[in-house]
Amino acid sequence: MIQRKQTVFLLLALAAVIACLMMPVGFYEPSAMGGNLYVTCFSTRGLAEPSFNYGLFATLLLACPVTLWAVFAYKNRKFQARLCTVNMLLMVAWYAFYALKAFVDVVPETSFKPLFASCLPFVALILYVLARKGIIADEKLVRAADRIR
């Protein structure tokens, strides 16, 4: 149901997740001469050997269909709230993989710099929280209306 505010929140979160999938989330800046190594959700560009970021890519790719499933599960509000919780956990997992990429998979003689797209999963996380709050409020409203009858 598009009229509900939580559906709008879910669709905005989906847009943020898709935008994060397509944009670079950080780069390694060399301390000496050389080019920057850009980190996307799929790979690190600029290395001699390709470095794939399966954790970053998989969490966001999994969040997309789960979000769509939550949008179309509007008749079952408890299940829809659970799907929002799953999406929130996926966004937290994305940041765990991001920290792993930034601080553990360090390229020698470089420093890691985050880019704007690295804040988009946090925006999506906030939108999932708002959507879940709206879903729970709708469920309480329906239960209160059922008690009055």
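The crossing of α2 and α3 is left-handed, a crossing being left-handed if the near helix is turned anticlockwise from the far one by less than a right angle, and right-handed if clockwise. Helices (H or I, at least four residues) and strands (E, at least two) are DSSP runs, numbered from the N terminus. This is a predicted model, in which local features need pLDDT of at least 70 and side-chain atom pairs count only at pLDDT 80 or more, while totals for chains, interfaces and linings use all residues. Residues are numbered from 1 along each chain as its sequence is written, and side-chain values use heavy atoms, with hydrogens and water left out.

**Helices α2 and α3**

- The axes of helix α2 (residues 54–72) and helix α3 (residues 77–104) come within 9 Å and cross at roughly 165 degrees, where axes are lines fitted to C-alpha atoms, for helices over the stretch in contact, and angles run from 0 to 180 degrees between N-to-C directions.
- That angle makes α2 roughly antiparallel to α3, given that angles under 35 degrees count as roughly parallel, over 145 as roughly antiparallel, 65 to 115 as roughly perpendicular and the rest as oblique.
- Residues of α2 including Leu-56, Leu-60 and Trp-69 meet residues of α3 including Leu-83, Met-91 and Trp-94, with contact meaning heavy atoms within 4.5 Å.
- By class, the contact of α2 with α3 has 17 nonpolar, 5 polar and no charged residues; Ala, Val, Leu, Ile, Met, Phe, Trp, Tyr, Cys and Pro count as nonpolar, Asp, Glu, Lys and Arg as charged, and the others, Gly among them, as polar.

**Helices α1 and α2**

- The axes of α1 and α2 are 10 Å apart, and the two helices pack at an angle of about 160 degrees, so α1 and α2 are roughly antiparallel to each other.
- The crossing of α1 and α2 is also left-handed.
- Among the residues that meet here are Leu-14, Val-17 and Cys-20 in α1 and Phe-57, Leu-60 and Cys-64 in α2.
- The residues of the contact of α1 with α2 divide into 14 nonpolar, 2 polar and no charged.

**The nonpolar core**

- The largest nonpolar core has 37 residues, and those with the most contacts inside it are Val-17, Val-25, Cys-41, Leu-60, Met-91, Trp-94 and Tyr-128; a nonpolar core is a set of buried Ala, Val, Leu, Ile, Met, Phe, Trp, Tyr and Cys residues joined through side-chain atoms within 4.5 Å.
- At least two residues of this core are supplied by each of α1 (5–22), β2 (37–39), α2, α3 and α4 (120–148), and the largest share, 9 residues, comes from α3.
- Not counting residues up to four places away in sequence, Cys-41 touches Cys-20, Leu-21, Val-25, Asn-53, Leu-56, Phe-57, Leu-60 and Trp-94.

- Glu-139 lies in helix α4 and is buried, with a relative accessible area of 16%, where buried means under 20% relative accessible area, exposed over 50%, and partly exposed in between (1.4 Å probe, protein chains only).
- Glu-139 touches Arg-77 and Lys-78, not counting residues up to four places away in sequence.
- Thr-85 lies in helix α3 and is partly exposed, with a relative accessible area of 28%.
- Met-33 is placed in the loop between β1 (26–30) and β2, and at 82% relative accessibility Met-33 counts as exposed.
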